[in-house]
Amino acid sequence: MRRLLMLGAFLLVVASLLVALLHGGDSSAGSTARSTAVPSAASTQARRVPSPPASSSSNQVIENSSRCQVTGPPSERNLVEQLAELCQPSAATVDNAWGKAWAKGDGRRTRLVIAANTQALAGLLDREDTKGLADTAAVTVGPEEAPAHAVFINGPAFDGLSTLGRQVVLTHEMVHVATRATGDNDAPTWLEEGFADYVAYRHTKLNADQIAGDALDAPLPESLPTTADFNASGSKAAIAYGRSWAAVRVVAARVGGDSAMKRFYETAAQQSLTAALRSAGFADTAAFVKAWRAEIRQLRRT
Ligand SMILES: [Zn+2]
């Protein structure tokens, strides 16, 4: 079955923390962001594949760079131009983690489509309502079992982000594009989201509390995040992202190196999580959860 999937939505409640960080790390701004209600976004599945605006559309601004084609309304001209520039370092970060095979041929340029408002974003997603979209910074979309079509950008949400925040969100989404382009579409959601965050954050100077504060503040988890956890509202979604980031750190530390991390991901997507965990030396899921809880305890102290 081929249907549109929102492959990964980066929620503004996570990204907005970065705004405060770049402007002096005002903790009150950070806690405000954390408490922002984030209705479900990733749970929504549109009914058909959306059609990003044609490049010849006269009322759209189009900017091409070596790795992206960015399209947006004239009101977002500055963002169109900036994303075309930010695309190159984001793509290079993804290349380092995932190799360069994902960006060959037609996929050489990732399509970034900026929506002027949540109504326009809902239109791109073929949704009848805008529920949750105000708090969604960006979303990678595409049919099941196929490379991603595009990354839709929530223009007003991005306008409110720092340059660092924009870079992190863009890199996160381009990780989703890369993993899908190489056919790894069936990894557990926590691994998809955690790996995207792991790659997007690791070259920043942000510390664990800045990246995953909600997850570190929450009680220790008993089990790995489910897909539904990412659809939760408010800080619960941020907790799911942070916990998943921590889980991928555990894997990365165990397997060592980007190519080994990629093999783990591919094994989880193509075989099973159990097989992937065994390949990394974990006897079973319970053993991995134990190591993950220890990692969260450790991160709380840093
Ligand atoms: Zn994502």
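pLDDT is the predictor's confidence in each residue, from 0 to 100. You will want that score at hand, because the model above is a predicted one. Averaged over the protein, the pLDDT comes to 83, and 80% of the residues reach 70 or more.

Now let us look at the whole chain. The protein has 302 residues, of which 48% count as buried. Its elements are 13 helices and 6 strands. How do contacts link up the sequence? Among contacts with a separation of 6 or more, 72% are between residues 24 or more positions apart.

Let us begin with the strands. Find strand 2, residues 61-64, and strand 3, residues 68-72: they run antiparallel and are joined by 4 bridges. One of the pairings puts Asn64 together with Gln69 of strand 3. Follow the chain between these two strands and you will pass through a hairpin of 3 residues.

Next, move along to strand 6, residues 150-154, where 5 of the 5 residues are buried. Which residues cover its two faces? Ala150, Phe152 and Asn154 are on one side, Val151 and Ile153 are on the other, and both sets are buried. Strand 6 has two partners to look at. With strand 4, residues 110-115, strand 6 pairs in the parallel sense over 4 bridges, and here Val113 stands opposite Phe152. With strand 5, residues 136-143, strand 6 pairs in the antiparallel sense, again over 4 bridges. In that pairing, Val141 has Ala150 as its bridge partner. Strands 5 and 6 form a hairpin with 6 residues between them, and in this hairpin Glu145 takes a positive phi near 60 degrees.

Thr179 sits in helix 6, which spans residues 163-181. Is Thr179 buried or exposed? Thr179 has 30 C-beta neighbours inside 10 Å, so it counts as buried; the cut-off for that label is 20 or more. Leaving aside neighbours within four places in sequence, Thr179 is in contact with Trp98, Asp184 and Tyr265.

Helix 8, residues 208-217, is mostly covered, with 7 of its 10 residues buried. These are Ala208, Ile211, Ala212, Gly213, Asp214, Ala215 and Leu216.

Finally, see how two helices meet. Two packed helices are described by the angle between their axes and the distance between the axes. For helix 10, residues 235-255, and helix 13, residues 285-301, the axes come within 9 Å and cross at roughly 110 degrees. Angles of 65 to 115 degrees count as roughly perpendicular, and helix 10 and helix 13 are therefore roughly perpendicular to each other. Helix 10 brings Ala246, Ala247, Arg249 and Val250 to the contact, while helix 13 brings Ala291, Trp292, Glu295, Ile296 and Leu299. Sorted by class, the residues of this contact are 7 nonpolar and 2 charged, with no polar ones.

Definitions and conventions
Residues are numbered from 1 along each chain as its sequence is written. This is a predicted model: local features need pLDDT of at least 70, side-chain atom pairs count only at pLDDT 80 or more; totals for chains, interfaces and linings use all residues. A residue is buried if 20 or more other C-beta atoms lie within 10 Å of its own, exposed if 12 or fewer, and partly exposed in between; C-beta atoms are placed from the backbone. Axes are lines fitted to C-alpha atoms, for helices over the stretch in contact, and angles run from 0 to 180 degrees between N-to-C directions. Angles under 35 degrees count as roughly parallel, over 145 as roughly antiparallel, 65 to 115 as roughly perpendicular and the rest as oblique. Two residues are in contact if their C-beta atoms, placed from the backbone, lie within 7 Å. Ala, Val, Leu, Ile, Met, Phe, Trp, Tyr, Cys and Pro count as nonpolar, Asp, Glu, Lys and Arg as charged, and the others, Gly among them, as polar. Two strands pair if DSSP finds at least two bridges between them.
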